[in-house]
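Me: Please take a close look at the interface in this model and give the cut-off behind each term. I would then like the surroundings of one ligand described in the same way.

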There are 2 protein chains.
Amino acid sequence: AESLLRNGQTRSISVDALRPSDTFPRRHNSATPEEQSTMAASCGFSSLDALIDATVPKTIRISDIRLPKFDAGLTESEMIAHMSRLAAKNKVFKSFIGMGYYDTLVPGVILRNVMENPAWYTQYTPYQAEIAQGRLESLLNFQTMISDLTALPMSNASLLDEGTAAAEAMAMCNNIQKSKKKTFLVASNCHPQTIDVCKTRADGFDIKVVVADLKDFDYKSNDVCGVLVQYPGTEGEILDYGEFIKNAHAHGVKVVMATDLLALTVLKPPGELGADIVVGSAQRFGVPMGYGGPHAAFLATSQEYKRMMPGRIIGVSVDSTGKPGLRMAMQTREQHIRRDKATSNICTAQALLANMAAMYAVYHGPEGLKLIAERVHGLSCAFAHGLKKLGTATLQDLPFFDTVKVKCSNAKAIADEACKNEMNLRVVDSDTITVSFDETTTLEDVDKLFQVFSCGKAVNFTAESLAPEVQMVIPKSLVRYSSYLTHPIFNSHHTEHELLRYIHKLQSRDLSLCHSMIPLGSCTMKLNATVEMMPVTWPSFADLHPFAPADQAQGYQDMFKDLGELLCTITGFHSFSLQPNAGAAGEYAGLMVIRAYHLSRGDSHRNVCIIPVSAHGTNPASAAMCGMKIVAVGTDSKGNINIEELRKAAQAHKDNLSALMVTYPSTHGVYEEGIDEICKIIHDNGGQVYMDGANMNAQVGLTSPGFIGADVCHLNLHKTFCIPHGGGGPGMGPIGVKKHLAPFLPSHPVVATGGIPPPENAQPLGTISAAPWGSALILPISYTYIAMMGSKGLTNASKTAILNANYMAKRLENYYPILFRGVNGTVAHEFIVDLRGFKATAGIEPEDVAKRLIDYGFHGPTMSWPVPGTLMIEPTESESKAELDRFCDALISIREEIAQIESGKADINNNVLKGAPHPLSLLMGDAWNKPYSRECAAFPVSWLRDAKFWPTTGRIDNVYGDRNLICTLPPVSQMAEEAAAATA
Amino acid sequence: AESLLRNGQTRSISVDALRPSDTFPRRHNSATPEEQSTMAASCGFSSLDALIDATVPKTIRISDIRLPKFDAGLTESEMIAHMSRLAAKNKVFKSFIGMGYYDTLVPGVILRNVMENPAWYTQYTPYQAEIAQGRLESLLNFQTMISDLTALPMSNASLLDEGTAAAEAMAMCNNIQKSKKKTFLVASNCHPQTIDVCKTRADGFDIKVVVADLKDFDYKSNDVCGVLVQYPGTEGEILDYGEFIKNAHAHGVKVVMATDLLALTVLKPPGELGADIVVGSAQRFGVPMGYGGPHAAFLATSQEYKRMMPGRIIGVSVDSTGKPGLRMAMQTREQHIRRDKATSNICTAQALLANMAAMYAVYHGPEGLKLIAERVHGLSCAFAHGLKKLGTATLQDLPFFDTVKVKCSNAKAIADEACKNEMNLRVVDSDTITVSFDETTTLEDVDKLFQVFSCGKAVNFTAESLAPEVQMVIPKSLVRYSSYLTHPIFNSHHTEHELLRYIHKLQSRDLSLCHSMIPLGSCTMKLNATVEMMPVTWPSFADLHPFAPADQAQGYQDMFKDLGELLCTITGFHSFSLQPNAGAAGEYAGLMVIRAYHLSRGDSHRNVCIIPVSAHGTNPASAAMCGMKIVAVGTDSKGNINIEELRKAAQAHKDNLSALMVTYPSTHGVYEEGIDEICKIIHDNGGQVYMDGANMNAQVGLTSPGFIGADVCHLNLHKTFCIPHGGGGPGMGPIGVKKHLAPFLPSHPVVATGGIPPPENAQPLGTISAAPWGSALILPISYTYIAMMGSKGLTNASKTAILNANYMAKRLENYYPILFRGVNGTVAHEFIVDLRGFKATAGIEPEDVAKRLIDYGFHGPTMSWPVPGTLMIEPTESESKAELDRFCDALISIREEIAQIESGKADINNNVLKGAPHPLSLLMGDAWNKPYSRECAAFPVSWLRDAKFWPTTGRIDNVYGDRNLICTLPPVSQMAEEAAAATA
Ligand SMILES: Cc1ncc(COP(=O)(O)O)c(C=O)c1O
Ligand SMILES: Cc1ncc(COP(=O)(O)O)c(C=O)c1O
Ligand SMILES: O=C([O-])O
C-alpha cells in the first residue's frame, strides 16, 4: 500500500489502505517483492514468475487455484474470531465414555512450557543427537515409564495410537512366527476400534483375525501366531490372565496385551503376568483427548523381540569425549532401511505427546500417580455402591478399575438423561451402559450420576456419605506389589518450580526453529505460526471425547467439512479422508483404497506395486503391508524415473499391476517432465497412480496431484500444512482420491466416517486409525494456515519455496556439485548437494559435514537420502534471505575447511570436521590437544559470536550404543561415574 | 493421603482420598513434611512450628487467618473454571472511547513468546547486567523507539502510566526551576485522568496546578515552571504548538507534551516542535488495554535534563574484555540513592510491557507502523466524511488524527444505541461525543457507526463506497517528514520466524526463574504459577477499556470486591484501594491518605515523617513527594530500630508528627520485638503508622499489619502475591487502611472509586494512577494465588519461607557472618550475609561475590542494601531444599575461593572472583592469561557440567558507561567495530 500522507499532501484514500492490516502471508512467506526480484535475478531470471515458468513443466501447470472459502485469506485477528465461533459450536460435556480416551488434567506448567512452547513443538526428529539431548532424555523418561509400568524391559518412544499399536504387535507376532501361523485371535473385550484396526491391518499380511470370547480361544489348529487381550477390558472388567497366558505359551502362542497406564499403577503389570508384548495409549497421562488425538501410544516387549519392535527407540551411548549421551538406537530396524522387507511403515510418531506424558509422570511421581489411580478407582467403587443401593439397575459382578458396567431396562433413556446434565455415557447395547471415571471426575459428578440413574427415585445419600461403606474391588491376586518409577527423575520434580526448571533445562539442549532454519529435504520445516497453534489448546477443541455425540462437536464437524473441501480444491481430488494420522499411515490407507477398488472389480490378482528406487522407505514398507509385490524401477543419470524401464515393468506386470507409487516433484527435488507419460503408462496397464504428497509444498497453486493424473495421494499436514514436527510427531496424513476411489475411504466402527464430501455407495475398506478423524486436535493448524493464506498466499508460498531453493543452489553451486536439476537448470523446492567426492580428496563423509554444521548453529539437512553421500536441502518459503545466506555462508566456510584438508594444511584424521561437533565442556577444558584452535572450532564465522546454539555432547557413537543397548534410564550413580571418568 | 490398596487388602475409602487431586499448595510450597522436619532439626528445633514460635514475637502472633472465601483453597482446575465464570461476566464491546487507551492487535508471536513466556516474565530487574543482556537490548530498543518517535534524544525505560508520567514531568519542571516557580499550567485538552494525577501529585510539591484553555495561559506572574499540553488533544484535535512553545520558552517556561506514539509516525514530532519533555503511553503498540493496565508509559527529554529524568535508563557501556555491553545507566539518580532528596519514588516500572511495545515496533518496522497509522487516520476521515453526508450531527472542524468529535442533540441516546450494537463511545457532555479509531477498527465497524448516528435515517453509502471521496485532514505544517526507527533491528524482523528467533535470541541471554532461584532479599521472587498467569491473556480480561461501562465488567468488579475483602482479612485492615500500580506508588498513596486524614482534622501542620535509616530508598522519596519533613532514626547493633531514639524524635516532633514509616519484619530480616511499642509511641504522639508491606511474605497467617498496629500499609502484589517481576515490572501496590483512614482512599475522575469495601463519607484524596484500578489485568494473578492456597496454604507459605531462610542461614553461618538475628537466634524470611571483612583479608567486595555467583549459574542476592558490604538472601517458600542446598554450596565454594586469596594461594588482584563473570567468548578464546584454569573459572562445582546458565559478557563497566552516556541503539557499524576490536 502506498503512503497516504507522503509529502504532506491531502490525498484521497484507497479502500485497500483501509482494510485490516494484520494480514498473514507476509509473515509466513519471507521474501519481500524486492528480494524476490534480486534473488530471481541471481538465478538468471527476470522475475520470480519467469523462474517458476521455467521450472514447473507447462503440461502440468494450472493457472491458479480458487479456494471455495477464504479465497482472499483471513487476517490473523479475523482467524482467531472465526475459530472462536467454531469453538463455541463444540460443547464440552463431562465424558464417562472411556474406551481408551479419558479426560485428564494437563498440569499448567506442562501445558504452557511444553505444549504451547515453540521450543518444544518445532524441533525435528532427534536424528542429530548432539543438539537433541533434551527431548532424547524426555523420550527416555517415556520409555522408562512404559517399561516400569508394564514390567517389560523394552519400550519404543511412541506409536500413533492404541489401535495401530495393537496392529503393530499383531505384525510382530506374525514375524516372530516367521509368517507361518496365520491366525490372530482377538478377545472380544478389546475396544471396538482396536479390533477393527487389527482386522483391516491383517488383510495385507494375509492374517486371519478371529474375534472371540477368551474362553472360546482355540489353539488346536496350531495356526495361531498370537492373541490380543485387553486389561482392563473395554467394559471395565479386570481378568486374571495368568493361567491364560501360561496356556497360550504352552501352545507356542504369543500374547499381546492392551492395557491402561493408570490402572497399572495399582494392578499387577502385564510383564509379571507373562505377556510378550504390551500396547496402549499414554493419553490419560496429561494429554488432552482432543476429539481423538494426537496422543502417544506405546509398545513394550522383552529383550528377545527388541529387533522386531516398530518405531523409534531411544538408547544410551557415549560421545567422542567418553561421556554418556543419548540417541536413537537400532536405526537399521527402521522402515527406511528395510524398505520392502519392513513389516511396519511407521516414521513420524507422537514425540511431543510422549514428552507431555513423560513430564506428567515426572511431575506426579510414582506416589502421585498411585493416588490418582486410587482416587479414580475409589470414585468408581462409590458409584457402584450407590447404584446397588439405588436398586434401579444391576451391576456386572466382575472386578473393575475405573469402568462400571450397568444393566438397565433402557440404556438410551439413561444416556439421554445424562446428556441433559451435560454428561456422556457409553451405551453398549439397548440394556447396557458403562460409566468410566477419570482424574477429572468429582464427588459431585458421582452425585449427578446417581440422579441420572435414579429414574425419578429419591436419592437419600451422596457419594461422600457413602464413602465409609465402600470397599475396593481389586482382587488380591491382581494388586500390584512391585515398585515403579524409582529413578530420581521421577522423584525430584514435584513442585512447579522444579518441573519448570527441568523442562527448561531439557529445552536448552535442543535446537528448534526458534534458533535457526532446519532445512531438511523432504520434511518441509516451515513456520508453525502462533495463530495456527492457539486454538489447539482451547478447551473447546482440546476436551472433546472422540465418540462424543456429533451434535456436541459441530465446530469440529464444520471444520472437517471445510478442510476436506479446501484440500480437494488444492489437490484436484474428489474426496478426502482425514483419518490417517501420519504420512506413512496415509500411504498405507491410500494403497488399501486401491486394493479395495481392484477387489471391487474382481481384480483380486492385481497386487504388483511399482516403486522407483528413489522412493522414501515408507513407500515400499506400506506396499508390503498391503501384501503387494514390489517391483523397483531405476532412475536415469538426471535423477528422473527411467521411463522405458517403467514402461517395461508395467507391461510385464500388466495383468497384475495394482499401482505405482511416485513422489512429485521427485525425491530428487526435480519436476520430472515425464510425469504425464508415467501416469499414462500405469493407467494404460490397468494400474492406479499413488502419489506421495510429501513434496506438496512445491505443488500448491502451481499444479496438483489430481491434475497431474494421480488417483490417490496423502498429504503430510505436518509438512506443507504447518503442523509442527514436535520433535518426531504428531503429524497427520489425510488422503485425497479421485471419484472412483471415494467409496472405499476408511470408516470407523464407533463413529461412521468416509469421504469428505461423502461419496455415493460407500464401501469402506475398514479402519486405519483408532480415532474417526485421526488427530483431530491438530487439524485447526492446517485449516487456519489455508484460511489465512488464501488462494494467492498459498501459491506464493510454493513460488517462494522454489525461489529460496534455487537461490541457495545458485549460491552453493560454485562450491559443491548440485546433483539434479530440471530441464531449464532449476531445481524444485529442494536440492541435493553432492559430497561423495570428498571421501577421496579429504576423507570426509556427509556425517562430518552435518556435525560440523552444528558448530555453525545449524541442523544438518537430510543426509544420504535419497542419494547416499549427499545432503538434501529444503529451505521452505518461511526463511528469510538473511537466514538462507547465513546457511550458505556456513556451507561455503565448511567447503573452505575441507579444502584445507585437501591441500594438506589440515590433518585428514584430526580436523574441525572430524572433531565436530565441539561441545562447551570440550572447548573450555583446560586440556586442548587438537591441531586447530579453540576459536576455529567454536567461532568459525563471526556472527556466531553474537549468538550461537551449543551442542551439549561431542559426536555420539551409534555403534557403541547398539552393541550395549540400554533403553531405559540408567541408575544415576552409573551415569555420574561415567561422566566423571570422562571428565577426569 | 494413605495408600488405599496397600497390601492388596480390600479396604474402605476415606472421603479425603476422593477429593480432587490437583491441589495447589504442594506445587507452590516446596518442602514436604519430612523435609520440614529435617530442616527444622538442622536449625535446632523440634518442628517447623517450634521454629516459627521462636521466631515470630508472641505479642503480635495471631492464631490463624480464615479467608471469607476460598478458605479451603480451590484446586488448579477448579480455579480455571472459576476464572472462566468470572471472565464470562465481562463483555468485550468494541471500544471507541480513546482517552489514552486503544484496542490493539497483539501479534501472536509476541503474545506467546513474551507475554505468556516465563522466560520473559519471571526475571528480575536487570541489575546483574551480565545475565540480562537480552532484555537490556529490548529496553534499549524501547528507548530508541521513544527517542525516534518523539525526536528527543533521551528516553527512560518506562514509567507506570501516562498520568504519573505527566506528574513526573511536572516534578522535573519544578526541579529545573529549582522549586522557585510554583505554578504548573495544564491545558484543558489533556485527558481528565492526567489532569487529576497531576493535581494530586502537585499537592506534595506545593505546586499550584492551573487548568485552562491554551489561549488563556498566562505567564505574567513569572511563577510558571512549566506547562502541559496534549498532542493530539483528548477530544482529538491536532494543534500546531510551534508558536505556543516559542512563546513559553520566551517566558522561561518548560513545555511538557503528552502525546500518542501512533500519531507520531505521521505527525511532526514534539522534539521538532520544541517540547522539553514528552510523555505518553506505549499501550497501543501491542499491549492489551487490560481494563487499565499494566502498560508502559514513557518520558523523553533533551540531554540537558537527563540527570533529572525519573526511572531506569538503559545505556551502552563496555565489559571487562572491551566488548560493548548494556546496563542500567546513571543509577545514582535513582531514589534509592537520593532518598529524601529524591523527587520521584519510582522503582518497579513496566519492563515487560515496554518489551512488548518495543517488539511490536521491531515486528512492524517504521513502514508497518506508518501504514497502521494511516489506516486508522483514514478510517477516522471516512467516518467524519460519512457523518457530514448524513447530516444528523455536526463535526468539530479542527484537524484530527484518530478521534472525531461530534456534536449531536442527545449524546446519551446515541451512546446507548451504540451499546446495543456492542460499541462504546465517549460521551463528553450532553451534546458531545467523541469516536476514537484504532488498529482493530474495520470498515464494517464504521458502517455500524453510520447506522448508530443515522437516527433512523437511511444510510445510502458505506465506508468503502465513500473512500474515494475522503480527504486526509492532517495540515501540511504538521505532517512528519523526518525518518524514525532506521536502525536495522527495526528493519529486519518482519516475518514471524525472524521475530521468533530474535525474541529467543534475547531470551537466551537472560537468567530467569526458569533457570534457578533468584534469592533477592526484599524482592520475594517466588513461583509465578502457570494457572495464575493463564487468565491474564484471556481476551475477556485483556480486551476491556478501563472506562467501559461497569455493567460490562462485572467479572472484574466481582473480583475486585473479593480481592479487597481477602486482602483485608490477610492484613487486618478495614478497606483497600487497588489503584496504586507499584509498591512505591502505594507508599505515596498511603502517606497521602495520612496527610488527608490530618488535614481533615485541621492538622495541616502535621508534616514530620520519621523513617529509620534502614528503610528502603522509596520510603523517604515518597515522604518527600508528600511534602513531609523527614526525621531519620538509627538502628542498634542488632539491627533493630533504636527505640529510645525513636521515642525522642517522636516526642520532639509531637506537635507536627504525621507518620512513621516502618518495614516489618525489618529490612534487616528480623521480627523486631519492639514493634508494639514503636507503634504505641507514634500513636501516643499523634502520628500514624505507615507500614511498608514489602516483607508481607513473613506475615501472612502469622501476624498482620493491622494486628501489629499499623494504620496503613501497601502490599507489593509482585512480591508476596505472585505477580511476576517481568524484568522490572509490572507490579501492583494496593494499600489497606484502618477504618478512620478509609474515607480518604483515592478515587478517579472518570470512574469513581474508593475503598473496598466502600467506607461511609468518602473524601478521596485525589487520584494516584491513570486507571481506576491500576493494573487491573494482573490482579487475577494475586487473586488466584490466594484462592488456590486457601487459609492454610498461605500460612504454610509464610512458615516455609521462614524455614528456608533459617535453613540457609544455618548452613552458611560457619562460612560467613550472618548479620542480624531475632532474640532466639533465628532470622525472618530473609537474612544478611556479611562480606565486609573480606575487603581487608582478600580485597574482595560484595560485587565480586555477586559476579562470581553468576559463574555458578545464580543471580546474586540483594547487594549492599540495607547494609553496605553485605548480601541479603531471601529464598521464598517456592524453592526446594535441593535448590537451597545448591545455592549454599555455591556460596561455600566461593568462600573457599576467597580463602585461597587470604592464604596467598590466589592472586589478590587476579583471581576467579575479580575475573568473574567468565563469558563463553573468554573461556574458549585461544588465549588464556589467567592465573587460574579455564575449568576453575567455568565449572567450579560438578553440577554445572550438567547444565549451566552462561553470562554473555564479562563484567560490565558502569563508570565508563556513565561517562560516555549512550541511551539509544548505536549504529551497527560502531558496535561491530568495537566487538571486533575487542576480539582481535
Ligand atoms: C517422501 C516421504 N514420504 C513419506 C514420508 C512419511 O511420512 P510420515 O513421517 O508422516 O509418516 C516422508 C517423511 O519424511 C517422506 O519424506
Ligand atoms: C522494602 C521495600 N519497600 C518498597 C519497595 C518499592 O516497591 P516497588 O518497586 O514496587 O515500587 C521495595 C522494592 O523493592 C522494597 O523492597
Ligand atoms: O523421518 C523422515 O524420514 O523424514
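Reply: A salt bridge is counted here where a side-chain nitrogen of Lys or Arg lies within 4 Å of a carboxyl oxygen of Asp or Glu. This is a predicted model, in which local features need pLDDT of at least 70, side-chain atom pairs count only at pLDDT 80 or more, and totals for chains, interfaces and linings use all residues, while side-chain values use heavy atoms, with hydrogens and water left out. Residues are numbered from 1 along each chain as its sequence is written, and chains are lettered from A and ligands numbered from 1 in the order in which they are written.

By that rule, ten salt bridges cross the interface of chain B and chain A, and one pairing of this kind joins the side chains of B:Glu464 and A:Arg19, with N to O at 3.4 Å. Between these chains, 42 residue pairs, both members at pLDDT 80 or more, are in polar contact (N or O atoms within 3.5 Å; within protein, one must be able to donate a hydrogen and the other to accept it, and residues adjacent in sequence count only if both atoms are side-chain atoms). On the side of chain B that touches chain A, helix α15 (residues 351-390) of chain B gives the largest share, ten residues (helices are DSSP runs of H or I, at least four residues, numbered from the N terminus). That side comprises 44 nonpolar, 31 polar and 28 charged residues, where Ala, Val, Leu, Ile, Met, Phe, Trp, Tyr, Cys and Pro count as nonpolar, Asp, Glu, Lys and Arg as charged, and the others, Gly among them, as polar.

In overall extent, 103 residues of chain B are in contact (heavy atoms within 4.5 Å) with 104 residues of chain A. The buried area, about 8,800 Å² with 57% from carbon and sulfur atoms, is the accessible area (1.4 Å probe) that the two parts lose on being put together, summed over both.

As for the ligand, 14 residues surround ligand 2, each with a heavy atom within 4 Å of it, and B:Thr348, B:Ser522, B:Gly583, B:Asp692 and B:His718 are the closest. The side chain of B:Asp692 places an N or O atom 2.5 Å from a nitrogen atom of ligand 2, whereas oxygen atoms of the ligand lie 3.0 Å from a polar side-chain atom of B:Asn716 and 2.7 Å from a side-chain N or O atom of B:Lys719. Of the 380 Å² that ligand 2 exposes when taken alone, the protein buries 97% (Shrake-Rupley method, 1.4 Å probe).

Methods. Helices (H or I, at least four residues) and strands (E, at least two) are DSSP runs, numbered from the N terminus.
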